[in-house]
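Welcome! Please take a moment to look over the sequence and the 3D picture before reading on.

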Amino acid sequence: AIEIQRSIGADIIMAFDECTPYPCDYAYAKRSMHLTHRWLGRCFTAMEQTEPKYGYQQALFPIVQGSTYKDLREASAHAIAEFDAVGNAIGGLSVGEPDDDLYEMTALVCGILPTEKPRYLMGVGTPINLLEAIALGVDMFDCVMPTRNARNGHLFTRHGVIKIRNQQYQFDTKPLDEHCQCYTCRHYSRAYLKHLDKCKEMLGARLNSIHNLHYYLELMQDIRDAIAQQRLDNFVSEFYALRGMPKPP
């Protein structure tokens, strides 16, 4: 997000929208989408009439809504694209939807929003969600998952998830991930992290958070490198193979 902010030369702010719950019925989703679009027009009007704050330009990102209904998502994406904003967001797909719906709606919307402008998938997600969404054309994400999961002993590694509260780690002297160079993996064992978690020692949550954040940052850098080297498909295959998982069709 910081790199994209620099590239567009402005701080990113989000338009006012309503994020529908999941599931919701079609009539509600349609009313909500039109409400979001009306608010968007008012947001752009307010932006045009307001001087930049604190000497910085602001870039307003509209948000596509429409729940998991194809026709609503298409209508919303087309309406959003007409505003010709410097970037666009996709909302309402991280409130309980199955992954299949997340990917289907993301692919649909990315096929409509302009490719030359950043596309931001809001509130997503797991490492697999990030990888699959990037392959569909998404550029930006935000999610509390790395630190929230860390506080609950749910740790991400190259080989999958480690649930540090499990008894199997009580005497495990290995780091979380032997290939990871984060502070936590270089200094502490799985057994010690389990001990901290069991004692409800805040240091455990902090060390876990350091690891998960490092993992996410490194994953995104690896994906950027794979894209630059035109080997994203191979990277995706390697990602799933390391976890002993079949690559989705």
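This report walks through some helix contacts, a group of aromatic rings and one alanine.

**Helices that pack together**

Keep in mind that you are looking at a predicted model. Two packed helices are described by the angle between their axes and the distance between the axes.

| Helix pair | Axes come within | Crossing angle |
|---|---|---|
| α5 (residues 127-136) and α9 (residues 202-228) | 11 Å | roughly 20° |
| α9 and α10 (residues 232-242) | 8 Å | roughly 145° |

Let's take α5 and α9 to begin with. Their axes cross at roughly 20°, and angles under 35 degrees count as roughly parallel, so α5 and α9 are roughly parallel to each other. The crossing of α5 past α9 is right-handed. On the α5 side, the residues that take part are P127, L130, L131 and I134, and they meet Y215, Y216, L219, M220, I223 and I227 of α9. Which classes do the residues of the contact of α5 with α9 divide into? There are 10 nonpolar residues, with no polar and no charged ones.

Now turn to α9 and α10, whose axes cross at roughly 145°. From α9, the contact uses Y215, L219, D222, I223, A226 and I227, while α10 brings in L232, F235 and F239. This contact has eight nonpolar residues, no polar ones and one charged residue.

**Aromatic rings**

In the pair of F156 and Y215, the ring centres are 6.1 Å apart and the planes lie at 20°, so the rings are stacked. Where do the two partners sit? F156 is in strand β7 (residues 154-157) and Y215 is in helix α9, so the pair ties together parts that are 59 residues apart in sequence. Both F156 and Y215 are buried. Together with Y216, they form one aromatic cluster.

**A look at A29**

Finally, find A29 in helix α2 (residues 26-48). Is A29 buried or exposed? Its relative accessibility is 1%, so A29 counts as buried. Setting aside neighbours within four places in sequence, A29 is in contact with T20, C24, S67, Y69 and L72.

Note on methods:
Residues numbered from 1 in each chain as written. Predicted model: local features only at pLDDT ≥ 70, side-chain atom pairs only at ≥ 80, totals over all residues. Heavy atoms only, no water. Axes fitted to C-alpha atoms, helices over the stretch in contact; angles between N-to-C directions. Helix = DSSP H or I, 4+ residues; strand = E, 2+ residues; numbered from the N terminus. Parallel < 35°, antiparallel > 145°, perpendicular 65-115°, else oblique. Left-handed = near helix turned anticlockwise from the far one by under 90°. Contact = heavy atoms within 4.5 Å. Nonpolar A, V, L, I, M, F, W, Y, C, P; charged D, E, K, R; others polar. Phe/Tyr/Trp six-rings, centres within 6.5 Å; stacked < 30°, edge-to-face > 60°. Buried < 20%, exposed > 50% of the residue type's maximum accessible area, 1.4 Å probe, protein only.
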